[in-house]
Amino acid sequence: MLLLALAPRAWLRLPQLKPLALPSTRGGESLHVTCRFLSRQSPAGTGRQGQPQGPGLRTRLLVTALFGAGLGGAWLAARAKKEQWRQQQRTEALRQAAVGQGDFSLLDHQGHARCKADFRGQWVLMYFGFTHCPDICPDELEKLVQVVRQLEAEPGLPPVQPVFITVDPERDNVEAMARYVQDFHPRLLGLTGSAEQVAQVSRSYRVYYSAGPKDEDQDYIVDHSIAIYLLSPDGLFTDYYGRARSAEQIADSVRRHMATFRSVLH
Amino acid sequence: MAAPSMKERQACWGARDEYWKCLDENTEDASKCKKLRSSFESSCPQQWIKYFDKRRDYLKFKEKFEAGEFQPSKTTAES
């Protein structure tokens, strides 16, 4: 970047430098002098030996700067191309992953039937977990709603629907989900269903879950994959964010997806 | 059994952090943190206590491993 910034100034200075560089190369005499000097035919020389031979320091600096700027420019162009290629590869990989294809049929925390088509036209951030989860689910849900709050505070951005889907249908009924989601965000939607319905939606989003052994209180921990999913208004799986991503990073990514989104349904 | 509410979760995490802090300060000597241990146990579901105990072991191991202090035992290294 520095080289690129310097390059235009270097170009402007070129005409000023030329006259300075000229005297040493006037009439090809410089070359002549060099030859004589090297062959020692006339050790006394012409009295010009003390002067710098070849291109002057400034010229050499200029050439180096121009060469560097060229290299820098080529590097930037290559990097932009690589970035574009990477983006294409990622989009293609996500498309081929075929995550979240097909429909789902679940109940929200108010007992209403919900299917995937109900979310068409909305950006959705979705997380799978369970209400008896000790620390990771509440942390991730807190992060998810933080992203939603950040985005809804920015005028001009489309609203984002936060969704929490349980992987513990045995305990997480409609009432349990209602109690749980109210702690996080007024618009957070809790989804539950029968064991089969939950298995189906989890499979569709490649979410693994496995209930651990029950203790005396009939309590257990459900081991499950942790990722926040972004669905576009077309209902298509668009991106996912692991635990290491911060709310700011996720919000940035969602903003980028919103800026480049073109519906394929119309 | 209903899942803990946000208030209950926060009380549990608070008691856990106090207990873990005590362990940190007493080089993992649990006998010096009995009071905080019982407050931790009374603030969290039993299943969570098991989970957090394992989680602390894991976090301690991770800390050591990342600091480069972890040495695999001879039997592990040779097997």
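The model is a predicted one, and in it Arg171(A) takes part in a salt bridge with Asp168(A), with 2.8 Å from N to O. Asp168(A) is likewise buried, and its relative accessible area is 2%.

A salt bridge also links the side chain of Arg171(A) to that of Asp219(A), at 2.7 Å from N to O. Arg171(A) belongs to the loop between strand 4 (160–166) and helix 5 (174–181) of chain A, whereas Asp219(A) belongs to the loop between strand 6 (209–211) and strand 7 (222–224) of chain A; the pair therefore ties together parts that are 48 residues apart in sequence. Asp219(A) counts as buried, with a relative accessibility of 2%.

Most residues other than glycine have a negative phi.

## Chain A as a whole

Chain A has 266 residues, and 38% of them count as buried. Its secondary structure consists of seven helices and nine strands. Of the contacts in chain A with a separation of 6 or more, 69% are between residues 24 or more positions apart.

The accessible surface of chain A amounts to about 15,600 Å². Carbon and sulfur atoms account for 59% of that surface.

## Two further sites in chain A

Another salt bridge of chain A joins Arg114(A) to Asp108(A), with the closest N and O atoms 2.9 Å apart. Asp108(A) is buried, with a relative accessible area of 0%. Arg114(A) is partly exposed, with a relative accessible area of 25%.

Arg149(A) is part of helix 4 (residues 136–152) of chain A. This residue, Arg149(A), is partly exposed, and its relative accessible area is 36%. When residues up to four places away in sequence are not counted, Arg149(A) touches Glu142(A), Phe184(A) and His185(A). Arg149(A) and His185(A) are 36 residues apart in sequence, and their C-alpha atoms are 8.8 Å apart in space.

## Helix packing in chain B

Two packed helices are described by the angle between their axes and the distance between the axes. In chain B, the axes of helix 2 (residues 34–43) and helix 3 (residues 46–66) come within 8 Å and cross at roughly 130°. Helix 2 of chain B is therefore oblique to helix 3 of chain B. On the side of helix 2 of chain B, the contact is made by Arg37(B), Phe40(B) and Glu41(B), and on the side of helix 3 of chain B by Ile49(B), Phe52(B) and Asp53(B). By class, this contact has three nonpolar residues, three charged residues and no polar residues.

Helix 1 of chain B contains Ala11(B). Ala11(B) is partly exposed, with a relative accessible area of 43%. In sequence, Ala11(B) and Trp48(B) are 37 residues apart, and in space they are 13 Å apart from C-alpha to C-alpha.

## Salt bridges across the structure and Glu28 of chain B

Over all chains, the structure holds 19 salt bridges. In chain B, salt bridges that share partners join Asp24(B), Glu28(B), Arg56(B), Lys60(B) and Glu63(B) into one network.

One of the residues in this network, Glu28(B), lies in the loop between helix 1 (6–25) and helix 2 of chain B. Glu28(B) counts as partly exposed, at 40% relative accessibility. The phi of Glu28(B) is near 65°, a positive value in a residue other than glycine.

Notes
Residues are numbered from 1 along each chain as its sequence is written. Chains are lettered from A and ligands numbered from 1 in the order in which they are written. This is a predicted model: local features need pLDDT of at least 70, side-chain atom pairs count only at pLDDT 80 or more; totals for chains, interfaces and linings use all residues. Side-chain values use heavy atoms; hydrogens and water are left out. Helices (H or I, at least four residues) and strands (E, at least two) are DSSP runs, numbered from the N terminus. Buried means under 20% relative accessible area, exposed over 50%, partly exposed in between (1.4 Å probe, protein chains only). Contact means heavy atoms within 4.5 Å. Accessible areas come from the Shrake-Rupley method with a 1.4 Å probe; for residues, only the protein chains shown count as cover. Axes are lines fitted to C-alpha atoms, for helices over the stretch in contact, and angles run from 0 to 180 degrees between N-to-C directions. Angles under 35 degrees count as roughly parallel, over 145 as roughly antiparallel, 65 to 115 as roughly perpendicular and the rest as oblique. Ala, Val, Leu, Ile, Met, Phe, Trp, Tyr, Cys and Pro count as nonpolar, Asp, Glu, Lys and Arg as charged, and the others, Gly among them, as polar. A salt bridge is a side-chain nitrogen of Lys or Arg within 4 Å of a carboxyl oxygen of Asp or Glu.
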